[in-house]
Amino acid sequence: MNPTFDRALDLSLERIIRTSPQVVWDAWTDPARLQQWWLPAPSLCRVEHLDVRPSGGFVTRMSEDGGASWVPHMNACFLAVDAGERLVFTNTVDSTWRPAAPAPVHMTATVTFDDHPEGTAYLVVVRHGDPAARDLHADLGFHEGWGSVTDQLTALAEAVTA
């Protein structure tokens, strides 16, 4: 299922990453790799749980200095997983399949990894329940935040094939 992009409800980000879709997929699905890029630097990420399958949990924590203070970042579940091609996750249901009220924004994200002549066509679409949530996410820095982590993902993935 590929829902239609709705400008009033959705935000997106696209990149061409100069490596194979498999390398980019691995950066998403290997906890050791994911924690290297999932939060904008200089914040640090710790992957607590990554069960990449439909209904699997996705839990990360963050720290400013890597010390004793690690706070919740993401508690989500995967809705769809098409190996090497697509991940869909939501934070409106937590990793134990309980309804969640994540602050500041409820969202469902679809990440696709497609072949491209230069490597991988990488697309993230983040869906929101109403225009106010979409606008809040945009105002909070969706493009800057997701853009910086995508830049970090790109650097990591391209270094694998360099």
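Predicted model: local features only at pLDDT ≥ 70, side-chain atom pairs only at ≥ 80, totals over all residues.
Local features need pLDDT of at least 70 and side-chain atom pairs count only at pLDDT 80 or more, while totals for chains, interfaces and linings use all residues. Residues are numbered from 1 along each chain as its sequence is written, and side-chain values use heavy atoms, with hydrogens and water left out.

Histidine 128 is found in the loop between β7 and α3 (helices, H or I of at least four residues, and strands, E of at least two, are DSSP runs numbered from the N terminus). Histidine 128 is buried, with a relative accessible area of 6% (buried means under 20%, exposed over 50% and partly exposed in between, with a 1.4 Å probe and protein chains only). The side chain of histidine 128 also reaches the backbone oxygen of valine 126 at 3.4 Å.

Turning to the helix itself, α3 spans residues 131–139, and its buried residues are Ala133, Arg134 and His137. These lie on the same side of α3, because they cover an arc of only 100 degrees around the axis (taken from the directions from the helix axis to the C-beta atoms). They pack against β1 (10–17), β7 (119–127) and α4 (142–161). The face turned away from this buried side carries the exposed residues Ala132 and Asp139.

Notes:
Contact = heavy atoms within 4.5 Å. Polar contact = N/O pair within 3.5 Å; in protein donor to acceptor, adjacent residues only side chain to side chain.
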